Amino acid sequence: MFFLTHFLPGNPILVRAGVATAESVELIERQLGLDRPLSEQYFEYMRNLARGDLGKSWVTNRPVRDDLRDRLPASIELAVYGTALSLLLGLPLGMLAAVKQDTLIDHVARLIGALGVSTPAFWLGLVLLYVFFFLLKWAPAPWGRLSVAVAEPPLVTGLLTLDSLLAGNREAFANALGHLALPSITLAAVELPVVMRLTRATMIDVLQQDYITTARALGIPYRRIVLTDALQNSMISILTVTGLIFAFLIAGSVLVERVFSWPGVGLYAYRALTNNDFAAIQAFIIVTTLTYILVNWVTDILYGVVDPRIRT
Amino acid sequence: MVIETHRSATSKRMRATRLRSASRSARQYPGLLLGSILLALILLVAIAGPLIIRSNPLDTMPRHARAGPSAEFPFGNDASGRDILSRVVHAVRLDLAVVCVVALVATTGGALIGLLSGYVGGLADQILMRFVDILMAFPGFLLALTVTAVLGNNVKTIVFALGVAYSPVIIRVVRAQVLSLREAPFIEAARAIGTPTWEIIVFHLLPNTWSIVLAHAALFSAWAVLDIAGLSFLGLGIKPPTPELGAMTAEGAEHMVSGRWWMSVFPGIFIMLMALTFTLLGDSLRDMLDPRYRK
C-alpha cells in the first residue's frame, strides 16, 4: 500500500508550492524527504509507524494522528447509531421472513432486502435530504454535527449525544440527535439488508435442525422455540459476519459522510484521496484495515467462546 | 406416418412440460422472473434508448439551465441545460458496458485462477492463497477507491480495480469446489486412463463450476453497478462531462437541498434498477443452485 500511494499521478509538491520554480520544488522535496530512494522512505515510514507516528497531512498541515483522533468520534457516533438502527429492524424482519418462509411476507421482506442492497447510499441520503430538509424542513442543514448557534458540550468521549447528556445539556442533545438522524438512517439502510438477509438465511438453516423438530415434537409452542432456541443458535452465526457488516460500514461511511458533510474519518479520507495526501491516505487505509482485521479476529474468538462445537 | 404423429405428440407433450416447469420455477423463484423482466427493460434502454432519444447528451442549452421536467425534456435539464433523459440513457449504456466487462474479467480471471490453483495445488497454491487472504483483508470498495486514486480514473483502471477487488471471492469458491472434485471417482478414473491434465481441467472440472461462475457473475454485476456509481460520485470513477449515473448524481447533489430534485433522482433510480436486476438474478441463481434452499 505504501508503494501504491507513492505512485499517485498528481505531484503533491506542485499543489503545495503553487507556482513552482525548479529550486522551490527541490527545496520542498528535501523537506518532505521525497528526494531519497523509495526503499529508504519506506523503512523510515515503518519506523515511525511503529512509534505511532503516522506522518503529517499536507492538506491540514497537522500530524495525521491528531486529525484522526479528532475525527474518529464523529464517525464512531454515526456508525453506532446506524448499526443499532439496522440491527433493531433487520433482526426481527429477517426472523419473520425465515419463519414465514415462501409466504407473501417472506417475498415482501426479500424484495425489501434486495431493494435495500441495490439502493446507492449516497443517492438515498440525497433523497432524504430533499424530503426532510427541503420539503418538510424537519432536518437541519447537512453541514456538521451541531448547528452553529448551539454551544458544544464539554469534551468527554467526543460522542456529542453522550457528552451533552453527561453535561445535562438538553438543547445540545436534541440538536446533535437531529443532525445524526438522516446520516444514520442512510447508513442503516446500507447495513439493514445485509443483517436481514443474513438473519433469514441462518434462521432457515437452524429451523431445519433436528433439535428444533424434537422441541416441536415435545409440544413446546413454536413461537417459544423460535424466540429462544432458534434465535440463540442463529445469533452465533450472525455474530461471525459482523466483519462483513463492518466492511459495508467503512465503504458506506465515506459516501454518507461526503453527502452530509459529516466531519468524520470518511470525509477526511475522501479529501485525502482527491488531494493526493499520501500520509493521510496511508493512515486511513492502515487504520481501517487493522480495525477490519481486528474485528474479524475478535468475532472468530467470540465464535469459539459461544459455540462449544468448534472449540478444539 | 404413425411414428410421425407419435413423435409430434411427444414433442407437444414435452413442450407443455417445459412450459409448466418454466411457470413453476417462475412461481418458485419470483425474483428470477422479475429480474429477467428488468434485465430486458434495461437492455432495451441501453440499446434502443440512444436511437429513440436523439438529442445530444453533451449539448448545453443555457436557455433551459436548471429547468424542471417538461414535455420537451421529461427528466428536466441540469445546471448547464443538458437534457437529463438523454444523459441517463447514454449513461445506462456506458454503465452497463463497464459492469459487464468488470463481471466478465472478475469471474473468468478468478475462476481460472481458482481452477488451476485448486487442481495443481502445492506451493504455488499456498502462496496464491496467502495473497488472496491479503486482498480479502481490504474491504472491496476501499481497495477500488485507492487503486483508482493511484492509477488515475479511467474505465481501464476501474475495471482493473474492481476486478482485483472481486476476484478473491470467486477464486476461493471455485478452488473449494475443485478441491472436492479432485478426489471424485470420475476424475480419478479420467486420470487412471491417462487423460492429459488440461483435458481434465477443461472437460471435467470446468463444466462443474459453471453454475457457481454464473451466480457470481450476476452478484459481481450488482456490486459493480453500485461501486462504479459510488466511485464516480466521489469523483474517482468516470469523470464528467461523460454521462455516468453516479457522476450525474454528484452533479445534482448540491441542487437537492435547494429543491431541484430531478438532477440526482433520475440517475439514482436507474442505478437502483440496474443493481436490483442483478441482485435478483444473482440471488435466485444462488438459491436454485444451493441444494439447501431447493425444495
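I count a residue as buried when its relative accessible area is under 20%, as exposed when it is over 50%, and as partly exposed in between, with a 1.4 Å probe and protein chains only. By that rule I find B:D283 buried, at a relative accessible area of 14%.

**Ground rules.** I am working from a predicted model, in which local features need pLDDT of at least 70 and side-chain atom pairs count only at pLDDT 80 or more, while totals for chains, interfaces and linings use all residues. Residues are numbered from 1 along each chain as its sequence is written, chains are lettered from A and ligands numbered from 1 in the order in which they are written, and side-chain values use heavy atoms, with hydrogens and water left out.

**Chain B as a whole.** I looked up the elements, where helices (H or I, at least four residues) and strands (E, at least two) are DSSP runs numbered from the N terminus, and chain B has 11 helices and zero strands. Of its 295 residues, 49% count as buried. Taking contact as heavy atoms within 4.5 Å, I note that residues 24 or more positions apart account for 71% of the contacts in chain B with a separation of 6 or more.

**The interface.** Here 43 residues of chain B are in contact with 46 residues of chain A. The buried area, meaning the accessible area (1.4 Å probe) that two parts lose on being put together, summed over both, is about 3800 Å², and carbon and sulfur atoms give 77% of it. I looked next for salt bridges, each a side-chain nitrogen of Lys or Arg within 4 Å of a carboxyl oxygen of Asp or Glu, and the rule finds one across this interface. Its partners are A:R197 and B:D283, with an N to O distance of 2.9 Å. On the side of chain B that touches chain A, the elements that give two or more residues are α2 (30-52), α5 (140-151), α9 (210-233), α10 (245-256) and α11 (262-289). The largest share of that side, 12 residues, comes from α11(B).

**Salt bridges within the chains.** Over all chains the count comes to 11 salt bridges. In general, side chains of opposite charge can pair when their charged atoms come close. One of its pairs is A:R69 with A:D70, at 3.8 Å from N to O; A:R69 is exposed at 55% relative accessibility, whereas A:D70 is partly exposed at 42%. In chain B, the salt bridge of B:R82 with B:E251 has its closest N and O atoms 3.6 Å apart. That pair links distant parts of the chain, with B:R82 in the loop between α2 and α3 (84-120) and B:E251 in helix α10, 169 residues apart. I record B:R82 as buried at 9% relative accessibility and B:E251 as partly exposed at 28%.

**Two single residues.** A:D106 is found in helix α6 (residues 104-118) of chain A and is buried, with a relative accessible area of 0%. Not counting residues up to four places away in sequence, A:D106 touches A:A97, A:K100, A:Q101 and A:R200. B:V164, in helix α6 (residues 155-182) of chain B, is partly exposed at 23% relative accessibility. Leaving aside neighbours within four places in sequence, B:V164 is in contact with B:L135 and B:L143.
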